[in-house]
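Let's take a walk through this one together, from a pair of rings to the cores and then out to a helix. Keep the viewer open as you read.

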Amino acid sequence: MRTAFAKFGVILPLVAALAACATTSTSKAPIAPAASAVPVAYGHVDVSRRPPGDADGYRPPLKVGVLLPLSGGLAVAATPVRDGFMAGYYNERRRRPEVHFYDSSIGANAAYAKAVADGADYVVGPLGREGVTELFTKDGLKVPVLALNQSDAKTPAGSLSFALSPEDEAEAIAQAQLSSGIHKAVVISGGDAIQKRAATAFITYFNGHGGKAAPAVTNGDAVGEELQKAAQSLGGADGVFLALKGDQIEALAPKLAASPVANARRFASSQIQLGIGKGDDSALDNIVFPTEAWNVRKTALAPSASSLAALSPTARGAASKLFAFGYDAWLITAYPEHLNGGREGGVRGATGDLRIDHDGNVVRMPGWSVFRQGQPVPLAER
């Protein structure tokens, strides 16, 4: 299934408003294209087939195939990703590539083959982890890919993997704690798979980079006793990581206040924003958590999150994170020079500051917020 972007009615109301506020660049000095004879290294975008870029690093492909599950169970998640990608597309006034969408529910390899046969010189997607594995274990990718998930399969040279994984977020939180002088951390995890993955990733990173984190404490009836044991095993703790939803943290607050980590600085995963807003959320005060960067700071490459939220329902509420993810997928597609060794060291995107590691993964440093008087505010305002 091949669908041109113009057929997606959901994003069409965005067009006029985005065209009015589109970012522009007055500098048009070309950037020499990469020599096609030079092998593409891991951790670099393959730009050998693209026209020369502008001085600010804008160098989009000629024709993009976007592989998203337009039907099936993942279609709900795909909608805000698609809308965010096209919001970024329409926010640009300069030369834009042709964009066509392909239903990856027919199979990642089949959708990729259709995009390549139609002349795509860059492919974005698929969204599902299984689809990424299917594509990256394929023998030879004729056209480079920006996968919208990560898998155990190695990212091919010249292609990238971009994901909003709980592991990446937890590592960013661990890095932030270490950078702020926290050396001993207690981790409290809920029972769902995402919470457990976040807790495990935090502990692994924290312990591997000079800190000391105790094994995760499971939120439950015995959590008070387990917190006591964890703190004792560390000889005291100066940091807490809460891999919990907001309402779970609120229910846990009395036991935290009575524990040895009552005065330790608290960080939480982005799940803290779930299950709240029904009453007084002041029990969350002073907890720092990651959020989409365009919620807490301005970026030259994107309009404000609030302005887009006023235009599209998929840019609001729980879907907004995926909308920002799709927007950043466009920025990564269009600004490879920011990622290829320079130009501020990456892309200052909607979800965070983006750079590429040596394995071809897009690494994200998110924005940061903190609860104050029961409301989340940018950490800089603290």
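**Rings, cores and a helix**

Start at Phe-202, which is buried, its relative accessible area being 0%. Bear in mind that you are looking at a predicted model. Phe-206 is buried too, with a relative accessibility of 0%. Both sit in helix α6 (residues 193-208), and because they are four residues apart there, about one helical turn separates them.

Now for the rings themselves. Across the structure there are eleven aromatic pairs. Phe-202 and Phe-206 make up one of them, a stacked pair with 5.3 Å from centre to centre and 15° between the planes. Elsewhere, Phe-85, Tyr-89, Tyr-90 and Trp-330 are joined into a cluster by ring pairs. There's also a charge over a ring to look at: Arg-50 lies over the face of Tyr-122, 4.8 Å from the ring centre.

Phe-85 turns up again when you move to the nonpolar cores. The largest core counts 44 residues, and Phe-85, Val-124, Leu-146, Leu-148, Leu-160 and Trp-294 have the most contacts inside it. Several elements give two or more residues to this core, including β2 (63-68), α2 (75-90), β3 (98-103), β4 (122-124) and β14 (352-356). Which element provides the largest share? That's α10, with nine residues.

Setting aside neighbours within four places in sequence, Val-124 is in contact with Val-64, Gly-65, Val-66 and Leu-67, among others. The list of its contacts also includes Phe-85, Leu-146, Leu-148, Ala-329 and Thr-333. Apart from this core lies another, of 24 residues, and Leu-242, Val-261, Ile-272 and Phe-289 are among them.

Last stop: helix α8 (residues 246-257). Which residues of α8 are buried? They are Gly-246, Ile-249, Leu-252, Ala-253 and Leu-256. Look down the axis of α8 and these buried residues fall within an arc of 150°, which means they line one face of the helix. What do they pack against? The partners of the buried residues of α8 are β7 (184-189), α7 (223-234), β10 (239-243) and β11 (265-268). On the face turned away from the buried side of α8, you'll find the exposed residues Ala-251 and Pro-254.

Definitions and conventions: Residues numbered from 1 in each chain as written. Predicted model: local features only at pLDDT ≥ 70, side-chain atom pairs only at ≥ 80, totals over all residues. Heavy atoms only, no water. Buried < 20%, exposed > 50% of the residue type's maximum accessible area, 1.4 Å probe, protein only. Arc of directions from axis to C-beta. Contact = heavy atoms within 4.5 Å. Phe/Tyr/Trp six-rings, centres within 6.5 Å; stacked < 30°, edge-to-face > 60°. Lys NZ or Arg CZ within 6 Å of the ring centre and 35° of its normal. Core = buried A, V, L, I, M, F, W, Y, C linked by side-chain atoms within 4.5 Å.
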